[in-house]
Amino acid sequence: MTRRRLTDAASWCELIVAAAVLWMLWPAWLGGGTSLIVVSGVSMEPTYHDGDVLIVHDMHAEPGDVIAFRVPGREGQIVHRVVERRSDGRLLVQGDNRETPDLPLPSDADVIGVAVVQIPFGKQLLRLATDPLVLGVGAGCWVIAHGIRRAMQQPPSVRAGPEPEVGLA
């Protein structure tokens, strides 16, 4: 296989992976099914710790799943484990660090999503990732890396520049 075909295949693979990641992480506020939830408190220790970030996806919750849900009339969201699904469709939930289940019982409509990925210390990472200086440096590195990659894909004759003129004296 030629170098050009390998490069084309790699580009297609990158595009497919990027599209899959984008689809999986498409945020709920843009019509997708994924949300970022920052864990606050100790009720889910030792599984999750204060400041961890969870990526939750809008999917059917089963007993054993960790979910993020809203309590009507209360600000924020709660992250707890589903202990049981009641016959009326409500979920019995409990923090891993709690001895009794929570009340009131959330319904499927209250569920934001099921935890699919944990990012330890994610709150600090998100704060860092949204810092303008870090974003600027990251964008600059991407531009440089992309420029080097494009330059390396060109044939050596193009990279070297035009042939020097040889003058007759």
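Tutor: We'll take the pocket, the strands, a helix and a few loop residues.

Student: What kind of model is this, and what pLDDT do local features need?
Tutor: It is a predicted model: local features need pLDDT of at least 70, side-chain atom pairs count only at pLDDT 80 or more, and totals for chains, interfaces and linings use all residues. Residues are numbered from 1 along each chain as its sequence is written, and side-chain values use heavy atoms, without hydrogens or water.

Student: What volume does the largest pocket have?
Tutor: About 290 Å³. A pocket here is an open set of points on a 1 Å grid over the protein atoms alone, where a 1.4 Å probe fits, with protein on both sides within 12 Å along at least five of seven lines. The volume is the space filled by probe spheres set on the points, which are joined across faces, edges and corners.

Student: Which residues lie nearest its centre?
Tutor: Ser40, Ser43, Ile78, Val79 and His80, out of 19 lining residues. Lining means having an atom within 4 Å of a point.

Student: Which strand gives the largest share of the lining?
Tutor: S4, with three residues. Strands are DSSP runs of E, at least two residues, and helices are runs of H or I, at least four, numbered from the N terminus.

Student: Switching topic. How many bridges join S4 to S5?
Tutor: Four, and the two strands run antiparallel. Pairing needs at least two DSSP bridges. Arginine 85 stands opposite leucine 91 in S5.

Student: What sits between S4 and S5?
Tutor: Five residues, in a hairpin; glycine 89 in the turn has a positive phi of about 90°. Most residues other than glycine have a negative phi.

Student: Where is aspartate 52, and is it buried or exposed?
Tutor: Aspartate 52 lies in the loop between S1 and S2. It counts as buried because its relative accessibility is 3%; the cut-offs are under 20% for buried and over 50% for exposed, partly exposed in between, with a 1.4 Å probe and protein chains only. Its side chain reaches the backbone nitrogen of phenylalanine 121 at 3.2 Å.

Student: Last one: how many residues has H3?
Tutor: H3 (residues 132-153) has 22.

Terms used
Expected span 1.5 Å × (residues − 1). Polar contact = N/O pair within 3.5 Å; in protein donor to acceptor, adjacent residues only side chain to side chain.
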